Amino acid sequence: MNCIILDDEPAAIAVLERYIQKVPDFQHFQSFHSPTEALGFIKQQKVELAFLDIQMPDLLGTDLAKLLPKETQVIFTTAFSDYAVEGFSLRAVDYLLKPISFPRFLEACNRALENRTQRNSTNEYFFVKDGHDWIKIIWKNVQFIQSDGNLLYIHEKDKKVITQMPLKDIVHLLPSQEFIRVHKSFIVSLSAIHRIERHQLHLSNVVVPIATTYKDVIEKHFGLK
């Protein structure tokens, strides 16, 4: 998840930048001291998450949040609790009071990731990179996904797409109610499963192994216990 930081205090920006570097699923785009500069950047780049201070010169962070695209999630960071009600009324992911501890920051980040997963579950497709190109993947056509190092093999009903991406990253692009992880190297579409055996799953034309660590999850999901 790519993100930006807006704060007029350099020390506050430094703390958030350091925290973001510790979260593997997050990428820091840029930091801003000016709300107008941040808004201009968001209009040119797709920003998934914005950490916004509220008490800012020229424009409050809460006012800036009203101008952002619906796709951009917001986490407010402030030393004042007075704005909490307004912050949540703007559908902010979270409201962090300074000084911000890393566990509290991580909790807010996890909420943002969960929100993104829920949003993606309503989409019928997503895109993955193939060299310099992007390929459209319709998740209903996906039977299973296999990981081999940093390569992913996305097996659809009629073709196979290869992309360079960790398996954990594609998890956030798939609707969680339609797919299940059964192995450190396999994610399977629930609708593609024809038979469940003790250590493997039978799909239409392939057998996928079930790892011991995921066996309880599968049995619980299908009510096999």
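**Reading salt bridges and a annotated aspartate**

Tutor: Let's start with a network: salt bridges link Asp94, Arg104, Glu107 and Arg111. This is a predicted model, where local features need pLDDT of at least 70, side-chain atom pairs count only at pLDDT 80 or more, and totals for chains, interfaces and linings use all residues. Residues are numbered from 1 along each chain as its sequence is written, and side-chain values use heavy atoms, leaving out hydrogens and water.

Student: What is a salt bridge, and how many does the structure hold?

Tutor: Side chains of opposite charge can pair when their charged atoms come close. Here that means a side-chain nitrogen of Lys or Arg within 4 Å of a carboxyl oxygen of Asp or Glu. The structure holds ten.

Student: Which parts does the pair of aspartate 7 and lysine 98 tie together?

Tutor: Their side chains meet at 2.7 Å, N to O. Aspartate 7 sits in the loop between β1 (2–6) and α1 (10–22), and lysine 98 in the loop between β5 (94–97) and α5 (102–121), so the pair joins parts 91 residues apart in sequence. Helices (H or I, at least four residues) and strands (E, at least two) are DSSP runs, numbered from the N terminus.

Student: Is aspartate 7 buried or exposed?

Tutor: Buried means under 20% relative accessible area, exposed over 50%, partly exposed in between (1.4 Å probe, protein chains only). Aspartate 7 is buried, at 0%, while lysine 98 is partly exposed, at 22%.

Student: Where is aspartate 53 found?

Tutor: In strand β3 (residues 49–53). Aspartate 53 is buried because its relative accessibility is 3%.
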